[in-house]
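Reader: I am new to this structure and would like to learn how to read it. Please take me through it one feature at a time.

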Number of protein chains: 2
Amino acid sequence: MLEIQAEPLSARAFAAFGDVIETAEHAARWINAGSCERFDDLALIDVAAHGGRPLISIFRALPRSLPFRIEQLERHPLSSQAFFPLDRRPFLVVVAAGDGTPQATHVRAFLSSGSQGVNYRRNTWHHELLAIGARSEFLVIDRGGPGENCELITVDGSALCISAV
Amino acid sequence: MLEIQAEPLSARAFAAFGDVIETAEHAARWINAGSCERFDDLALIDVAAHGGRPLISIFRALPRSLPFRIEQLERHPLSSQAFFPLDRRPFLVVVAAGDGTPQATHVRAFLSSGSQGVNYRRNTWHHELLAIGARSEFLVIDRGGPGENCELITVDGSALCISAV
C-alpha cells in the first residue's frame with residue numbers, strides 16, 4: 001500500500017498542475033472609490049478550443065472518508081477546469097504529473113485551506129472532486145461545447161491511498 | 001427622497017438584467033459515480049467580443065451602511081460580469097432597466113440570500129458591488145482584453161436611497 005500524505009496547497013507547489021485561486025501572495029488594487037480590493041486575473045481559463053465557451057456550474061459534493069483509495073483519474077483535453085469552495089471548508093486536490101499514463105508514484109495530494117480554489121490546466125490528470133468533512137458546494141468554471149472533453153484512466157495498482165491530512 | 005426597498009433576488013424578478021447563479025429551482029444531475037450533484041450552466045458568460053477572454057478575480061468589498069444613496073451606475077458594453085459571494089452573506093444588487101440613460105424611477109434593488117450570485121448581462125446598468133454587514137469576498141468572472149469596457153453615469157437626481165432590507 002502506497003500512502004500519500006496531502007501537502008498544503010500553494011501556488012508554488014501546484015505550479016506544474018495549474019493555478020491556485022486565492023488572495024494570498026497576490027497584490028490587490030483598490031477599485032470602486034476605495035470600497036473594494038480587486039485581486040485580478042487569478043487563473044488561466046482555457047476553454048475556447050474547438051468552439052468551446054466558459055460554463056459556470058455549482059457542484060454539491062458528498063464528503064469522502066479517509067483513508068481514501070485512489071482508483072481512477074481524469075483529464076480534459078480541451079479545457080482547463082476551475083473549482084472554488086463556497087463553504088470555506090478544506091478539500092482534497094489529487095493530481096498526477098506528466099502527459100503520459102499516470103503512475104502511482106506520480107500522484108500527489110494537496111489540501112486546500114478552504115479559501116483556496118484550483119484551476120487544473122488542460123490535460124492535467126486529476127481526481128474527481130474530493131470534499132471532506134461535510135457536504136460542500138463549489139463554483140466550477142469549465143467548458144461547454146462540442147467534442148469529447150473527458151478521459152478516464154485507472155491508476156496502475158489499486159494500492160494508492162490518501163491517509164490523514 | 002425616493003426610497004427603494006430591496007426585493008428578494010429571484011431568477012424571475014432578475015430576468016431582465018441577467019442570471020441568478022444558484023442551485024434553487026435548478027435540476028441537478030449526479031456525476032462522479034453518485035458522489036456529486038452538478039447544477040450545470042447557470043449563467044451566460046459573454047466575454048468573447050473584440051478579442052476578450054474570461055477573467056477570474058476575487059473582490060474583497062467593505063460593507064456599506066444603510067440607508068445608502070445611489071449616485072452612480074456603470075455598465076460593461078463588451079461583456080457580462082458575474083459575482084458569487086464566498087461568505088454566504090447577503091449583499092445588495094442594484095440595477096436599472098433599459099439601454100438609455102437610467103432614470104431614478106427605473107432603479108431596482110435586490111437582496112441576495114448569500115447563496116445566490118448574479119451575472120449582469122452585457123450593457124446592463126448596475127451599481128458597483130454593495131457588500132453589507134461585514135467585509136465580504138466574491139468570486140468574479142468578467143472579461144480581460146482590449147477595448148474600453150466600463151461606462152459610468154450619474155443617476156439623475158441624487159435622491160435615490162436604499163433603505164432597510
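**Reading two chains together**

Author: At 28% relative accessibility, A:R88 counts as partly exposed, where buried means under 20% relative accessible area, exposed over 50%, and partly exposed in between (1.4 Å probe, protein chains only). This is a predicted model, in which local features need pLDDT of at least 70, side-chain atom pairs count only at pLDDT 80 or more, and totals for chains, interfaces and linings use all residues. Residues are numbered from 1 along each chain as its sequence is written, chains are lettered from A and ligands numbered from 1 in the order in which they are written, and side-chain values use heavy atoms, with hydrogens and water left out.

Reader: With which residue do the side chains of A:R88 meet in a salt bridge?

Author: Side chains of opposite charge can pair when their charged atoms come close. A salt bridge here is a side-chain nitrogen of Lys or Arg within 4 Å of a carboxyl oxygen of Asp or Glu. The side chain of A:R88 meets that of B:D87 in such a bridge, at 2.8 Å from N to O. This pair crosses between chains: B:D87 is in the loop between β10 and β11 (91-96) of chain B, and A:R88 is in the loop between β10 (81-85) and β11 (91-96) of chain A. Helices (H or I, at least four residues) and strands (E, at least two) are DSSP runs, numbered from the N terminus. B:D87 counts as partly exposed because its relative accessibility is 26%.

Reader: Which residues are linked with A:R88 in a network of salt bridges?

Author: The network links A:R88 with A:E37, B:R60, B:D87 and B:E137. One salt bridge joins the side chains of A:E37 and B:R60, at 3.6 Å from N to O. Across the interface of chain B and chain A, the rule finds 10 salt bridges.

Reader: How is the size of an interface given?

Author: It is often given as the accessible area lost when the parts come together. Buried area is that loss (1.4 Å probe) for two parts, summed over both. Between chain B and chain A it is about 3700 Å², and carbon and sulfur atoms give 55% of this. B:I56, B:I58 and B:R60 supply 18% of the area that chain B buries against chain A, more than any other three residues.

Reader: How many residues of chain B are in contact with chain A?

Author: Contact means heavy atoms within 4.5 Å. By that rule, 41 residues of chain B touch 41 residues of chain A. There are also 30 residue pairs in polar contact between the two chains, with both residues at pLDDT 80 or more. A polar contact is a pair of N or O atoms within 3.5 Å; within protein, one must be able to donate a hydrogen and the other to accept it, and residues adjacent in sequence count only if both atoms are side-chain atoms.

Reader: Which strand gives the largest share of the side of chain B that touches chain A?

Author: That is β6(B), with nine residues. By class, this side of chain B has 22 nonpolar, five polar and 14 charged residues. Ala, Val, Leu, Ile, Met, Phe, Trp, Tyr, Cys and Pro count as nonpolar, Asp, Glu, Lys and Arg as charged, and the others, Gly among them, as polar.

Reader: Which strand of chain A is joined to β6(B)?

Author: Two strands pair if DSSP finds at least two bridges between them. Strand β5 (residues 36-39) of chain A is joined to β6(B) by four bridges, and the two run antiparallel. Within this pairing, A:R38 stands opposite B:F59.

Reader: How do strands pair inside chain B, parallel or antiparallel?

Author: Strand β2 (residues 7-8) and strand β12 (residues 107-111) of chain B pair in the parallel sense over two bridges, and B:P8 has B:L111 as its bridge partner. β11(B) and β12(B) run antiparallel and are joined by five bridges; there B:V95 stands opposite B:R108.

Reader: Which parts of chain A does the salt bridge of A:D46 and A:R122 tie together?

Author: The closest N and O atoms of A:D46 and A:R122 are 3.0 Å apart. A:D46 lies in the loop between β5 and β6 (53-61) of chain A and A:R122 in the loop between β13 (117-120) and β14 (125-126) of chain A, so the pair ties together parts that are 76 residues apart in sequence.

Reader: Is B:H127 buried or exposed?

Author: B:H127 is buried, at 6% relative accessible area. Its place is in the loop between β14 and β15 (130-132) of chain B. Leaving aside neighbours within four places in sequence, B:H127 is in contact with B:F68, B:I70, B:Q72, B:L73, B:V94 and B:Y120.
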